[in-house]
Amino acid sequence: MTELAAPTTASAITAPAAGGAEKRGWLATAGLLLPAYGWLTLAIFLPLLMMLGFSFLKVAPFGGRAIVWTLDNYLAFLKRPYLRDVAWTSLSIGIWTTLICAAVGLPAALALARSTFGRTRQVLFLLIILPFWTNGLVRVFSWTMVLRDGGIIDGLYHWILPDAAPLGLLYTYPAIVVGLVHAYLPYMILTCYLSLVAIDDQILEAARSLGARAPVVFWKIILPLATPGLVSGSVLIFVPVIGSFMEPRILGGRVGVTMGTVIEDQFTQAFNWPLGAALSFTMLAIVLAIFALAAPVLKRQQGGAQP
């Protein structure tokens with residue numbers, strides 16, 4: 001009886017100790033996360049909740065105006081066809097910008113991860129993050145000098161074809177996409193680089209030793225393993241692009257009417273904060289719906305990419 005009771009006593013002593021260690025680990029994790037989530041709550045979640053409340057008001061409650069609740073601001077998206085057209089324009093610009101960033105950023109990240117070392121890699125990293133060091137307004141206005149009639153591109157074009165008509169690149173949708181790609185391409189390069197640099201060289205060497213050529217290695221190994229970086233970069237680009245207003249307004253001119261410019265006008269010119277807030281949350285719901293529909297496909301691809 002004594003020999004049988006000993007293990008029971010030991011387990012009874014070990015269980016509280018394990019529970020105490022688990023509790024201390026949970027408290028340590030909570031303590032480390034508290035500053036970050038406290039700041040996010042104060043700076044992001046609370047203002048979003050305030051804007052959500054504004055979206056259900058008839059007028060902004062400033063200047064002693066009475067608070068009147070309504071759903072008309074959300075119904076405006078359904079009742080005004082031009083808002084749906086503007087939303088589709090914003091989504092299409094976001095899709096094109098994301099696709100171009102992926103097509104340009106993945107090869108650049110691959111070259112950065114596999115073909116450069118030492119000081120060369122440092123210089124290339126500096127060139128990649130250089131747009132983050134320049135003022136956004138200056139960057140966009142610099143593109144107007146490049147894309148306008150008589151600008152750099154138009155001047156080179158007429159140097160080759162003197163009698164040709166002006167290209168007319170400025171104040172077009174391609175001009176907007178060019179400005180947005182310039183602004184957000186570093187996100188795609190950096191996220192893809194993090195995925196590519198984690199690929200074990202032995203996997204690539206094994207594929208080559210089995211006779212796989214470079215295109216096969218890229219499509220069968222590199223691209224699936226780079227999918228997490230592509231997905232992360234796409235999210236970081238697509239979400240802010242559909243709400244951007246500076247590039248569409250400056251590079252698009254009269255055609256640069258997007259949801260970002262419409263929402264900005266509601267807040268700054270029309271002073272219709274409830275409608276601006278409702279349009280913002282409507283676009284947020286559309287983006288979340290797109291990600292929800294795409295999530296199963298992305299999960300299957302990432303599951304198949306596991307070595």
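This is a predicted model: local features need pLDDT of at least 70, side-chain atom pairs count only at pLDDT 80 or more; totals for chains, interfaces and linings use all residues.
**Exercise 1. The packing of H7 and H10**

Task: Describe how helices H7 and H10 pack, and state which residues make the contact.

Solution. 
Step 1. Two packed helices are described by the angle between their axes and the distance between the axes.
Step 2. Helix H7 covers residues 173-197 and helix H10 covers residues 227-242; their axes are 7 Å apart, at an angle of about 155 degrees.
Step 3. Angles over 145 degrees count as roughly antiparallel, so H7 is roughly antiparallel to H10.
Step 4. The crossing of these two helices, H7 and H10, is right-handed.
Step 5. From H7, the residues in the contact are Leu 180, Tyr 184, Tyr 187, Met 188, Thr 191, Cys 192 and Ser 195. They meet residues of H10 including Pro 228, Leu 230, Leu 236, Ile 237 and Val 241.
Step 6. Sorted by class, the contact of H7 with H10 has 11 nonpolar, 6 polar and no charged residues.

**Exercise 2. The packing of H4 and H7**

Task: Classify the packing of H4 and H7 from the angle between them, then list the contact residues.

Solution. 
Step 1. Helix H4 spans residues 118-129, and H4 and H7 pack with their axes 9 Å apart at an angle of about 140 degrees.
Step 2. Roughly antiparallel requires an angle over 145 degrees; H4 is therefore oblique to H7.
Step 3. H4 contributes Arg 121, Phe 125, Ile 128 and Ile 129, while H7 contributes Pro 186, Ile 189, Leu 190 and Tyr 193.
Step 4. The classes in the contact of H4 with H7 are 7 nonpolar, no polar and 1 charged residues.

**Exercise 3. Two ring pairs**

Task: The structure holds 8 aromatic pairs. Classify the pair of Phe 56 and Tyr 74 and the pair of Phe 238 and Phe 291, and place each ring in the structure.

Solution. 
Step 1. A pair of aromatic rings is described by the distance of the centres and the angle of the planes.
Step 2. For Phe 56 and Tyr 74 the centres are 5.1 Å apart and the planes lie at 40 degrees, so this pair is tilted.
Step 3. Phe 56 is in the loop between helix H1 (2-54) and helix H2 (72-79), and Tyr 74 is in helix H2, so the pair ties together parts 18 residues apart in sequence.
Step 4. Phe 56 has 29% relative accessibility and counts as partly exposed. Tyr 74, with a relative accessible area of 21%, is partly exposed.
Step 5. For Phe 238 and Phe 291 the centres are 6.3 Å apart and the planes are at 65 degrees, so the pair is edge-to-face.
Step 6. Phe 238 belongs to helix H10 and Phe 291 to helix H13 (residues 273-304), so the pair ties together parts 53 residues apart in sequence.
Step 7. Phe 238 counts as buried at 7% relative accessibility, whereas Phe 291 counts as partly exposed at 29%.

How values were computed. Residues are numbered from 1 along each chain as its sequence is written. Side-chain values use heavy atoms; hydrogens and water are left out. Axes are lines fitted to C-alpha atoms, for helices over the stretch in contact, and angles run from 0 to 180 degrees between N-to-C directions. Helices (H or I, at least four residues) and strands (E, at least two) are DSSP runs, numbered from the N terminus. Angles under 35 degrees count as roughly parallel, over 145 as roughly antiparallel, 65 to 115 as roughly perpendicular and the rest as oblique. A crossing is left-handed if the near helix is turned anticlockwise from the far one by less than a right angle, and right-handed if clockwise. Contact means heavy atoms within 4.5 Å. Ala, Val, Leu, Ile, Met, Phe, Trp, Tyr, Cys and Pro count as nonpolar, Asp, Glu, Lys and Arg as charged, and the others, Gly among them, as polar. Rings of Phe, Tyr and Trp (its six-membered ring) pair if their centres lie within 6.5 Å; planes under 30 degrees apart count as stacked, over 60 as edge-to-face and the rest as tilted. Buried means under 20% relative accessible area, exposed over 50%, partly exposed in between (1.4 Å probe, protein chains only).
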